[in-house]
Each structure stands twice: as structure tokens, then as C-alpha cells.
Amino acid sequence: MKRSRLGFVIGILGLCLLLLGQSLQPTAAKAAPLAGNDDRVSQMGIDGDTLYSALDPAVAYNSTSQQFLVVWAADDNTSPVVNNDFEIYGQLIDAVSRDLTGSRFQISVAGPDGSPEYYARTPAVTYNSADNEYLVVWAASVYTTTSTVTDEFEIYGQRLSATGAEVGADDFRISNMGTDDDPAFDALNPAVAYSSGGNQYLVVWQGDDTLDGVVEIHGQLVGNDGAEVGTDFPISDMGTADIADGNKGLRNHIEVDLVRRASEGDEAQPEAYKFEDQWLTSLAARVAHPSITDRQAVVIVTLDNEELS
């Protein structure tokens, strides 16, 4: 999937995008804000500087300590962090007084400081009432010592104590979309929920796994200790006929049409055609899914006709 980082550099009316919080109380008709102004939660960069932004907020409530944990993706001007070096941050808020509890804290470390090509986005958070902990998850392009591939997104997680301190493994990986080091396959936009019955979490996300651009919803159970319970599993099955031309790894409208027809069950037939002054032959077919029982995938092969002679 191709992505744009435009959303990370937006300026509105010359002001930074700021997270604003407002407590709500129920009334007979609707939820109305408590008295007072909106409460500012984040402080990223210098006021009035549009280079630094706080985006994609999420919040969870701790019923034990009566606190909220707000998380968001942001860049900052505090060295060694640089512009567009987006990471996940958190801030605790007292649910009664609405006061900020302590300072904001950084949760994710997607890459070396000062490396905006590795970044985190779209966090989600839930509260574990049994262990009095939070689980924060997010999508990130992460630097490793064995790979320098950028723009390959997977889902990562971090347990936090009730005070916001990191617990257990640091930035543990949750999703496995496609082959490692292949930026054509990604996991994005996670959500997370906690089960008090099993004392475990369900993390879900959108991702393409075996066919670039065929996006479905996937899930992973995570234990209260942060360990995966089983493996990734598909949740949705919307078929492969929605492949759009031009941005899904297919090179021309013939390939798109062949994949569409194969996904609908047509018998595999090679098709020769001319594309950009070159004669090609393409063949698409449905095959058994390599990792998911009772599922099928579509593969396509395109060869230069000179290779066939």
C-alpha cells in the first residue's frame, strides 16, 4: 500500500494542531461539557510553529486510580528529536480535577533519534482492570539492526503501569504482514480491546498480507504479559475484486482485469497484449493460500514475449 505523510505536516491558520480535552457529564438530553474551557493536553513544539503537530489522539480510563491516559502521535523540537520524527506520546489526567498528572512521556521508539524516515502513527489504548495496566498499540515503520527498509509498517505495542511507566518488553511487535523487509505489505490503523474474562487483549488492524493492495482486517490475541496468543488471523474476507488500477502493485489495466477475473473464479487463460511498446503475456490464477487454511489467493505472472520465444 502506498501512503502519504501529508497528514503529518498540516498547518491550520498558522497554528499548531493541538490536542484539546473536554470532560463530559450526562444530562437528560445529551452529554454536556463541564464548566470551564477546553483543557489542553499536549505541547509539541513552540506555539505558533506549524512544523510540529499532535495527531491521532486516543484515550482510556483507569477506574482504579480515576485517571485518563491520553496518547497521540507527534513530532517535537526537543533535541535530539527533529521535525517529522513522529513517535507516540502519553499524558495522564486526573478524572476529577482535570489536572495533568506529571509530564508527558514518550512511549514508542520507531528509529534512531533524528531519523524521520522511521516513524509511528495512529495509536490506540485500552485499560486492563485486573493488572491495573494499560496497553498502547500503534503502527510504525521501525529501524532494526538487520534491516534498513523504510515505509514497511507493522503493529507494535507497549504495556504501561498505572503511572505511565513501561512494563515488560519494549515496543514488542504484534502483526506480521507479508515478508519481512517488503514495504509492499503493511499493517495500519490498529484498535485494541481488553477482555476481563480471559485477562487478554484483542488487537486488530487493516493490512495486506499475501497480495499487495488486497486489504483485509486482521487480528492477534495478546496475553496480559504482552506475549502473543497464537498467530495473526484474518477477520474479514471482502474478496479480491476491489483491486484498483494504478496503486496496488499491478502495472496496467490488463493485469488488474486478469486478477479481478481470477478472483471471481474465471479459468486461468494467458493473455498477450502490447503495453508501452512492449509485447507481454500475463496469466492470473487462484491458488491455495500459503498460510491460511480454506482460503485462496490470486497470483499473477507477466513475462516479456521475448522470454517466451
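Leaving aside neighbours within four places in sequence, which residues is Arg286 in contact with? Counting heavy atoms within 4.5 Å as contact, the list runs Ala262, Ser263, Glu264, Gly265, Gln296, Ala297 and Val298. This is a predicted model, where local features need pLDDT of at least 70 and side-chain atom pairs count only at pLDDT 80 or more, while totals for chains, interfaces and linings use all residues. Residues are numbered from 1 along each chain as its sequence is written, and side-chain values use heavy atoms, with hydrogens and water left out.

Arg286 sits in strand E18 (residues 278-288); helices (H or I, at least four residues) and strands (E, at least two) are DSSP runs, numbered from the N terminus. Its C-alpha atom is 7.6 Å from that of Gly265, 21 residues apart along the chain. Arg286 comes out as partly exposed because its relative accessibility is 40% (buried is under 20% relative accessible area, exposed over 50%, partly exposed in between, with a 1.4 Å probe and protein chains only).

Over to strand E14 (200-208): E13 (residues 187-195) joins E14 through seven antiparallel bridges, with Ala193 partnered by Leu202. Two strands pair if DSSP finds at least two bridges between them. That hairpin has four residues between its strands, and Asn199 takes a positive phi near 50°. E14 also pairs with E15, again antiparallel, over nine bridges, and Gly207 has Glu216 as its bridge partner.

The loop between E14 and E15 (215-223) holds Asp209, which is buried because its relative accessible area is 18%. Beyond four places in sequence, Asp209 has contacts including Phe185, Val214 and His218. A polar atom of the Asp209 side chain lies 2.7 Å from the backbone nitrogen of Gly178.

Key
Polar contact = N/O pair within 3.5 Å; in protein donor to acceptor, adjacent residues only side chain to side chain.
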